[in-house]
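This report covers helix geometry, helix packing and selected residues. The sequence and the structure are shown first.

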Amino acid sequence: MEPRTETPVLQVRRAVVGEAASVAFLLRVAFAEVARLYTPEALAATLFDAAAMRRRIQDGTPVWVALLDGAAVGTLSAFDQPAGLHIRSMAVHPGARGHGVGRALLAAAEGFGREHGHTRVFLRTTPFLHA
């Protein structure tokens, strides 16, 4: 039997309410390796639970999910502001890195920004606030 050589299929689309728990899980997994560098307050501002993510999606906040061969492996949220599109809550599962997931998520957000007339994109981050 020959080894599988097919390229994994990467799809990025807007998340639906039923994926809120998966999106929250992706944030936790992706940030696990750096969580010790954050104070509890900074980590709480970075990692949303499923209920908060569900509210975000229900409120119409753009939240994307990246699927690699059908499995959720990345996420990104954006906020439509007068100054431009503000990106935050971007995460890629460590096991999916190197497959272009982050690039595809950013491309989706940038396309959304262009559709809404933005010429600027801002990346919002939470300072580590060393513990």
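## Basis

The model is predicted, so that local features need pLDDT of at least 70 and side-chain atom pairs count only at pLDDT 80 or more, while totals for chains, interfaces and linings use all residues. Residues are numbered from 1 along each chain as its sequence is written, and side-chain values use heavy atoms, with hydrogens and water left out.

## Helix α4

Helices and strands are DSSP runs numbered from the N terminus (helices H or I, at least four residues; strands E, at least two). Helix α4 spans residues 101-115, 15 residues in all, and its first and last C-alpha atoms are 21 Å apart. That is close to the 21 Å expected at 1.5 Å a residue, the expected span being 1.5 Å times one less than the number of residues.

Buried residues of α4 are Val101, Gly102, Leu105, Ala109, Gly111, Phe112 and Gly113; here buried means under 20% relative accessible area, exposed over 50% and partly exposed in between (1.4 Å probe, protein chains only). Their cover includes the strands β1 (10-14), β2 (63-68), β3 (71-81) and β4 (84-92), where contact means heavy atoms within 4.5 Å. Just after α4, Gly117 has a positive phi of about 80°.

## Packing of α1 and α3

Helix α1 (residues 20-31) packs on helix α3 (residues 50-58) at an angle of about 120°, and the axes are 8 Å apart. Axes are lines fitted to C-alpha atoms, for helices over the stretch in contact, and angles run from 0 to 180 degrees between N-to-C directions. The two helices α1 and α3 are therefore oblique to each other: angles under 35 degrees count as roughly parallel, over 145 as roughly antiparallel, 65 to 115 as roughly perpendicular and the rest as oblique.

From α1, the residues Ala20, Ala21, Val23, Ala24 and Leu27 meet Ala50, Met53, Arg54 and Ile57 of α3. This contact of α1 with α3 comprises eight nonpolar residues, no polar and one charged (Ala, Val, Leu, Ile, Met, Phe, Trp, Tyr, Cys and Pro count as nonpolar; Asp, Glu, Lys and Arg as charged; the others, Gly among them, as polar).

His86 lies in strand β4 and counts as buried because its relative accessibility is 17%. Leaving aside residues up to four places away in sequence, His86 touches Ser77, Ala78, Phe79, Gln81, Phe122 and Arg124.

Ser89 is also in β4. Although not a glycine, Ser89 has a positive phi of about 55°, and Ser89 is buried at a relative accessible area of 10%. Asp69, in the loop between β2 and β3, is another non-glycine residue with positive phi, near 50°. Asp69 counts as partly exposed, with 44% relative accessibility.
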